[in-house]
Amino acid sequence: MKVLKRITKSISSRVGAYIFFALSAAAITFFYSSDWAYGWITELYPLGSGFITLLFTLAGMCAAISFIMLLIHVFTGKKANEKFLKCFRVIYIPFAILSIILFIYTFILLFGIDKGFTAGGFSQGFESLIPNIAYLGVALAAALAIAVVHTPKRAVKTLIACVLIAALIICPAVFSNTGMNSSDSQPTQLTFDSEDIMNGAKIVYESLKNGEKADAENLLADNDKCWTAQDPNRAPAEGYPDVNNSYVEIQLEGQKTFNTALIEEVGNEAQYFRLQAEINGEWVTVYQSEKIQSQRLCSFDAVTSDRIRLSIDKFRDSSTPVKIKSIKLFNEQKREAGNFEVTAYQRLDGDVPTEILAKGEEYVKTYARFYDVYSTIIVFGAVSWDENGNMSFGDGGKENFARQVSALKEIISHRSNQDHEVKLIVTALADGTWQDGHSGVNAYMAQHWESIADKIADFVEKYEFDGVDIDWEYPQTPDDWKNFDNFIARLDDKMQEYNPDAILTAALSAGSLGLSRDTLDRLDQIQFMAYDGNDEDGYQSSLQQAQEGIAEFKKNGADISKINIGIAAYGRPVNSTPYWANWRDLEEANYWNSKYYTVHDTNQVYEGTFCSPALAGDKTAYALLSGCGGVMVFRVGCDKTMDDPNSVACGIENTLNRYFTEW
């Protein structure tokens, strides 16, 4: 009995009152931040949407009763045990226990712990909690300030001070959130020449599920709130049709022409979406893809309409809605191409140039369509180095290398646009190109970097290449990176002696940047390998990966106008196993989809992801609008020839034709 009394006394103490107030205040904040769960909650509990109101009411009562207990201690002091506590404990203690339950329940809800401890669940929880954390902080600080004072007079003064401080903290936060431009939270600032034609638009329809609140208006509001598209597997709201997606229809302010969309998502829940326009009374899909994520740029042929529809067709989790923050539409006009680059790696084996020429003029012309798109070709995997710093040309030797380079130049000369300049450079240093692993380069470069730099400069001059590419994957130690810096400096100086216009490029990953600022400045192009980095769904060449990589390059001091964003013309399994399926060999490939469920490769079948032609076009548009130097494709031999409209190169070309007057 004595133990029970001690526990009761501790729970109802001044410290106990503050702790249970904190728990209940946190429960309110957690539940408010978990608005995506309201839909399935209303279906799960008998009260339906009334359960949400009940939960907020109970949490509010817990907070209020704990706060009253705190005030009783402040205003009655030591007399509290005699006059107030015995009676008030009967009410207070059940609510104190309830506050613990509510805290645990809402914590699990917010961070998705009911589905297990996952990085994605905690990431989504923190993202949703951050906009509301200031309110919780002010409430806890105010209660703490009151809890530590010992006289009623000071308590009143403290309470007034807390109210004023709360106003000073919360009001600016509210106004800044309300007026915050959505681009502030975007990974990279995009520059559009045209105005957002969504200005003046209105929501005219929103599909709703049972218990779902209409909130599509948030798409057009300049705030941090979202349209929460709910999973179509749930029952429809009364009066709404049962559809196999979740969508919103938007009426534009008159007929508008547009060719670019920018869609923002909070989180990564959308697994397929479509953008449609009503044309002549019919809904026409102008764009579709799997991923939205933080900022999805969509490039498509110009359409004219006064009504659009954004449809979320596939969800990762039936209990978690897709949270779309905004949608913007632009009609970007054509401009000069300037120094924009479309670079591609090309091996001399696989698509052997002499064998291509042997197939006849018609095939050569078809193959040469690649060079109407690409402005720089990097000959890759043709040379290697041994441990003594000696260059090797493989089984065919120097003679075969020279013959294949000559044949490649001949093929390029058959491009349809003879005014389009194509530069030819060579990857003169790369490890792993002949299935020899990635461990050798650091060893032989430590001993021979000076002589190798000199030999490469002579090699580039001898075969009249326009420049050289370095694919050192990767320096591991500070000494390796110092060797890299010294090597680049020496190579650059040597090439400048015979050709001041010689191009120096390097293939780099955003996750491995130990090079110096001087080295970054010496590079004319950076081939950013924006692929092979599987996200949580296994996508290995997503737009978000490119966005995050560009931010990392900028943080390390790189001039992004030199960066070519990588596009993979091959696929990878979603589980990151070491297999590379060619886009060219994918029979079911289409223009829009990047994910395929039955990839046949190396005598096996697996689920894999690629960079679809549409996504390749989006990366091209993103490079242009973000100020990057261009895009890079790895590699030509993996892509379908351009007589197939589902060629990755076709996706790039379509975007070039949309935004450039001449390419």
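Modeller: On a 1 Å grid over the protein atoms alone, a pocket is an open set of points with protein on both sides within 12 Å along at least five of seven lines, whereas a cavity is a set where a 1.4 Å probe fits but cannot get out; lining residues have an atom within 4 Å of a point. This is a predicted model, in which local features need pLDDT of at least 70 and side-chain atom pairs pLDDT 80 or more, while totals for chains, interfaces and linings use all residues. Residues are numbered from 1 along each chain as its sequence is written, and side-chain values use heavy atoms, without hydrogens and water.

Biologist: What volume does the second largest pocket have?

Modeller: About 500 Å³, a volume being the space filled by probe spheres set on grid points joined across faces, edges and corners. Its lining has 22 residues, with Gly338, Asn339, Phe340, Glu341 and Lys423 nearest the centre.

Biologist: How many residues of that lining are nonpolar, polar and charged?

Modeller: There are 4 nonpolar, 10 polar and 8 charged residues.

Biologist: How many cavities of 30 Å³ or more does the structure hold?

Modeller: The structure holds 1. About 90 Å³ of space lies in the largest cavity. Among its 14 lining residues, Lys291, Arg296, Ser542, Leu543 and Leu615 lie nearest the centre. Helix α16 (residues 543–555) gives the largest share of the lining, 3 residues.

Biologist: What makes β16 and β21 a pair?

Modeller: Pairing takes at least two DSSP bridges between strands. Strands (E, at least two residues) and helices (H or I, at least four) are DSSP runs numbered from the N terminus. Between β16 (residues 563–568) and β21 (residues 630–634), which run parallel, there are 5 bridges, so the two strands pair. Ile565, for one, has Val631 as its bridge partner in β21.

Biologist: Which strands make up the closed barrel?

Modeller: The 8 strands run β8-β9-β12-β13-β14-β15-β16-β21, with parallel pairing. Neighbouring strands of this sheet are turned by 25° against each other on average, direction ignored.

Biologist: Why is one side of β18 and of β19 left without a neighbour in the sheet?

Modeller: The open sheet has 4 strands in the order β18-β17-β20-β19, with antiparallel pairing. β18 (581–582) and β19 (595–601) stand at its edges, and because each has a single partner strand, one side of each has no neighbour there. Strand β17 (residues 570–573) is joined to β18 by 2 bridges, and Gly571 stands opposite Ala581.

Technical notes:
Axes are lines fitted to C-alpha atoms, for helices over the stretch in contact, and angles run from 0 to 180 degrees between N-to-C directions. Ala, Val, Leu, Ile, Met, Phe, Trp, Tyr, Cys and Pro count as nonpolar, Asp, Glu, Lys and Arg as charged, and the others, Gly among them, as polar.
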